[in-house]
Amino acid sequence: MEEAVPDGMRILLDRHAIVVDDGTALFGGAPPRMLRLSAAAAARLEDGALEVRDPMAAKLARRLLDAGIAHPVSVPAAAVPPAADVTVVVPVKDRVDGLARLLAALPADLGATIVVDDGSEDAAGIRAVAERAGAVLLRHPEARGPAAARNAGLAAARTPLVAFLDSDVVPQPGWLGPLLARFADPVVALAAPRIVALAGHGWLGGYESVRSSLDLGADPALVVPKSRVAYVPSAALVVRRDAVGDGFDERMHVAEDVDLVLRLHEAGWRLRYEPASRVAHEHRTTLRAWWLRKAYYGTGAAPLSLRHPGSVPPMVLNTWSAAVSALLLRGRPWSVLAALAVAAGAAEQLARKLPVREPRRTAARLIGLGAVGTVQQTADAVTRHYWPIALVAALVSRRARRTVAVIALAEGVLDWWRKRHAPDRPGLLGYVLARRLDDLAYGGGLWWGALRHRTLEPLRPVGTGPDRSPDL
């Protein structure tokens with residue numbers, strides 16, 4: 001699936017992209033790869049930006065966008081679908097006040113708004129709010145789950161685009177425009193906003209405001225499995241109606257949004273995460289409800305891994321990074337030195353293959369970034385995905401106990417420090433405690449789901465390798 005990028009679209013290189021050899025070699029993207037550009041193509045990129053004005057620029061823009069190494073930043077107004085092309089679908093169950101708050105925040109020029117009452121006890125309250133807002137109301141007499149509720153609204157929609165908004169979110173002013181702009185590209189099937197905290201109360205509220213599972217960060221991204229943004233949550237997203245078919249799989253009551261993302265990706269559509277659009281979410285902040293929700297998210301890994309093998313792994317490693325991870329877990333001075341030696345050897349091996357002017361310098365940078373990612377994956381594996389194994393090891397081995405404790409504390413402190421500019425960040429002790437409880441809940445849910453589905457797939461790491469695309 002490859003169609004022309006609209007004339008007048010402006011794109012910008014991802015801020016993490018590495019540019020060498022006067023712009024004729026680019027590293028980055030999702031999944032990471034090397035792009036070789038001709039001198040003429042590289043000259044089109046001015047300070048990392050490109051505006052599509054002719055077929056050559058359109059071809060270059062398509063390659064950069066599809067590689068995830070650049071992102072759209074603006075398109076001509078005439079190419080952007082109007083709000084009248086959008087139907088907003090709101091699934092709701094027993095959240096009358098939240099529904100009223102959401103509907104009041106919607107723009108007036110939408111094509112339509114459909115509220116799907118999924119078996120609410122206060123059906124009259126839901127109806128009154130929907131009618132007051134001028135929304136179409138559909139009702140399931142008995143709860144069938146959010147996937148079925150969204151699909152009912154999708155089937156009733158008549159516009160080219162459908163926005164799904166959960167009843168516990170509040171779109172922020174200007175949220176729709178950046179998402180509509182992404183649909184100027186005809187191969188984009190889905191665009192999702194950044195999910196931010198509606199309000200943070202207490203230490204859990206502060207933690208969720210800076211570390212929510214729904215908040216995928218401040219950088220735009222191509223949504224690709226096994227990448228930095230591997231999925232987007234269905235709390236808020238816009239889809240091209242013709243691309244999603246019947247919509248969500250109603251047999252799934254958790255991770256149905258990730259399943260939709262993976263199916264669209266496998267079908268060849270492009271999916272975009274656009275943080276310039278912001279939708280606020282009312283996070284759970286009572287300990288029991290928060291912890292159970294995190295565990296619930298974890299249970300989705302097993303059915304996803306059975307439907308899409310290898311697409312939702314706990315770790316993504318190649319040969320050298322797997323060796324580094326194993327050595328670091330030994331927790332001994334000699335093993336740390338050995339891990340450094342392995343990384344150095346990998347850098348030298350890569351340098352021999354790179355067709356750039358300074359291969360060793362470039363290879364050292366790439367392997368260094370990969371090593372940082374490996375350390376983070378290893379820490380997450382110990383404290384999150386494989387914590388039951390880490391716990392058993394800690395109970396029988398003093399060395400393992402020390403290693404696990406150091407990882408759990410160091411990762412929490414470092415993560416807290418990274419959020420130092422966030423105004424709602426809780427104190428160090430509260431943050432580290434919430435971080436570890438988050439991991440215990442998700443990991444517990446992951447293992448429970450694996451046992452219930454009798455599969456080890458969600459616990460199986462996958463390998464990867466460098467990807468090089470054709471020269472331009």
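Predicted model: local features only at pLDDT ≥ 70, side-chain atom pairs only at ≥ 80, totals over all residues.
Residues are numbered from 1 along each chain as its sequence is written, and side-chain values use heavy atoms, without hydrogens and water.

The second largest pocket has a volume of about 380 Å³. A pocket is an open set of points on a 1 Å grid over the protein atoms alone, with protein on both sides within 12 Å along at least five of seven lines; lining residues have an atom within 4 Å of a point. Leu 329, Val 382, Ala 390, Ala 393 and Thr 403 are the closest to the pocket centre among the 19 lining residues. Helix 12 (319-330) is the main contributor to this lining, with five residues. The lining comprises 13 nonpolar, four polar and two charged residues.

One cavity of 30 Å³ or more was found in the whole structure; a cavity is a set of grid points where a 1.4 Å probe fits but cannot get out. The largest cavity holds about 110 Å³. Its lining includes Glu 208, Arg 284, Trp 290 and Lys 294, and helix 10 gives the most residues to that lining, namely four.

On the surface, Trp 203, Leu 287, Trp 291, Leu 292, Leu 433 and Leu 440 form a nonpolar patch with about 520 Å² of accessible area together. Patch residues have over 30% relative accessible area and no salt bridge, and nonpolar side chains are joined within 5 Å. Helix 10 gives three residues, the most of any element. Trp 203 lies in helix 7 (residues 202-211) and is partly exposed because its relative accessibility is 35%, the class between buried (under 20%) and exposed (over 50%).

The structure contains 36 salt bridges, each defined by a side-chain nitrogen of Lys or Arg within 4 Å of a carboxyl oxygen of Asp or Glu. Arg 194 pairs with Asp 215 at 2.8 Å between the closest N and O atoms; both residues are buried. Asp 415 and Arg 211 are joined at 2.7 Å, N to O, and this pair links helix 16 to helix 7 across 204 residues of the chain. Asp 415 is buried at 4% relative accessible area, whereas Arg 211 is partly exposed at 24%.

Methods
Points joined across faces, edges and corners; volume = space filled by probe spheres on them. Helix = DSSP H or I, 4+ residues; strand = E, 2+ residues; numbered from the N terminus. Nonpolar A, V, L, I, M, F, W, Y, C, P; charged D, E, K, R; others polar. Patch = residues over 30% accessible without salt bridge, like charges linked within 9 Å, V, L, I, M, F, W, Y side chains within 5 Å. Areas by Shrake-Rupley, 256 points an atom, 1.4 Å probe, with all protein chains shown as cover. Buried < 20%, exposed > 50% of the residue type's maximum accessible area, 1.4 Å probe, protein only.
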